[in-house]
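Dear colleague,

I am passing on the structure below, and after it you will find notes on a few parts that I looked at. Please read them with the model open beside you.

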Amino acid sequence: MSFPLDRPRRLRTTPAMRRLAAETRLHPADFILPVFVKETVSEPTPIASMPGVLQHTLASVRKAAAEAVAEGLGGIMIYAIPAEKDARGTLGTDPHGILQRAISEVRDEVGDSIVTMSDLCLDEFTDHGHCGVLREDGTVDNDATLERYAEMAVRQAEAGVHMVGPSGMMDGQVGVVRRALDESGFQDTGILAYSAKYASAFYGPFRDAVESSLKGDRRTYQQDPANARESLREVRLDIEEGADMVMVKPAMSYLDIVRQVADAVEVPVAAYQVSGEYSMVEAAAANGWLDRERTILETLTSVRRAGATSVLTYWAVEAARML
């Protein structure tokens with residue numbers, strides 16, 4: 001009888017051996033925690049379509065930030081839901097608006113112990129739910145929106161954010177934001193560009209979380225899920241315009257894009273494990289169809305294995321405790 005000379009199973013015999021041979025490792029610093037802060041709530045409020053995720057108050061987001069620091073997370077990304085919305089998203093650029101106040105509270109609580117990031121987009125603040133200013137015909141006016149983003153970036157920097165996250169997929173947004181920050185004396189404020197953000201069905205629960213007013217879709221500015229090369233073009237343009245990090249969103253259904261981007265660039269690459277990806281696992285686990293903890297770590301490992309240096313995930317704190 002002939003026996004194999006090569007026996008890869010030797011490297012799988014024990015947990016210690018598998019740990020020694022692991023090619024991809026997770027660390028809490030790999031994780032960025034997205035948080036939602038709602039202006040009109042007096043206590044943290046559960047989001048029905050995202051089990052375990054809350055709409056925070058200003059007081060509770062401070063606690064969430066402190067918890068993130070205690071677990072060694074790399075960053076916290078802040079989204080806000082204002083009390084009122086209008087066509088131009090006015091409260092998004094109000095120095096006393098809920099997003100700016102949330103940034104200030106988090107920085108006051110944790111200082112420089114974690115990278116405080118903020119979503120730079122108008123969709124949470126507009127009554128039509130789109131990521132920019134609309135023309136009379138209802139289409140998004142790219143360049144008028146850039147003016148709003150420039151102002152929004154400066155307001156967030158004044159509030160103390162370490163890194164802004166332009167997510168609206170407007171052409172030229174990174175360059176406009178970079179110039180606005182530099183001209184206002186915020187040369188050290190970084191930009192995490194949502195460079196390859198797809199028009200995905202997986203965003204559904206997120207829209208519940210931010211109480212989106214969107215009617216219709218965002219396919220005229222977010223990327224077509226059918227395209228891959230287009231992502232590399234978007235990423236290249238954002239880096240040329242001054243992005244310090246780039247992001248692929250969603251993560252799990254776009255691992256091929258994560259890998260292509262990671263292979264093509266020299267800046268850190270983040271990937272966003274979005275609400276729908278989170279909620280699918282939670283729903284399956286609640287029905288007993290999946291081993292929840294193993295699935296969480298496996299999904300995060302897959303994103304890191306694909307080449308992401310950071311993962312935005314609603315499991316950030318829990319996953320850090322599992323490691």
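This is a predicted model: local features need pLDDT of at least 70, side-chain atom pairs count only at pLDDT 80 or more; totals for chains, interfaces and linings use all residues.

Residues are numbered from 1 along each chain as its sequence is written, and side-chain values use heavy atoms, with hydrogens and water left out.

Helix H2 covers residues 58-70 (helices are DSSP runs of H or I with at least four residues, strands are runs of E with at least two, and both are numbered from the N terminus). From its first C-alpha to its last, this helix of 13 residues reaches 19 Å, close to the 18 Å expected at 1.5 Å a residue (the expected span being 1.5 Å times one less than the number of residues). Its buried residues (under 20% relative accessible area, with exposed meaning over 50% and partly exposed in between, for a 1.4 Å probe and protein chains only) are Leu 58, Ser 60, Val 61, Ala 64, Ala 65 and Ala 68. They lie on the same side of H2, because they cover an arc of only 155° around the axis (taken from the directions from the helix axis to the C-beta atoms). The face turned away from that buried side carries the exposed residues Lys 63 and Ala 70. The buried residues of H2 pack (heavy atoms within 4.5 Å) against strands S1, S3 and S4 and helices H3 and H11.

Helix H8 (residues 255-264) has the buried residues Ile 257, Val 258, Val 261 and Ala 262. Those residues cover an arc of only 130° around the axis, which puts them on the same side of H8, and the face turned away from the buried side carries the exposed residues Asp 263 and Ala 264. The buried residues of H8 pack against several elements, including strand S7 (190-197) and helix H10 (292-305).

In strand S5 (residues 115-120) you will find Ser 118, which counts as buried because its relative accessibility is 0%. Leaving aside residues up to four places away in sequence, Ser 118 touches several residues, among them Met 77, Leu 99 and Gln 156.

Best wishes
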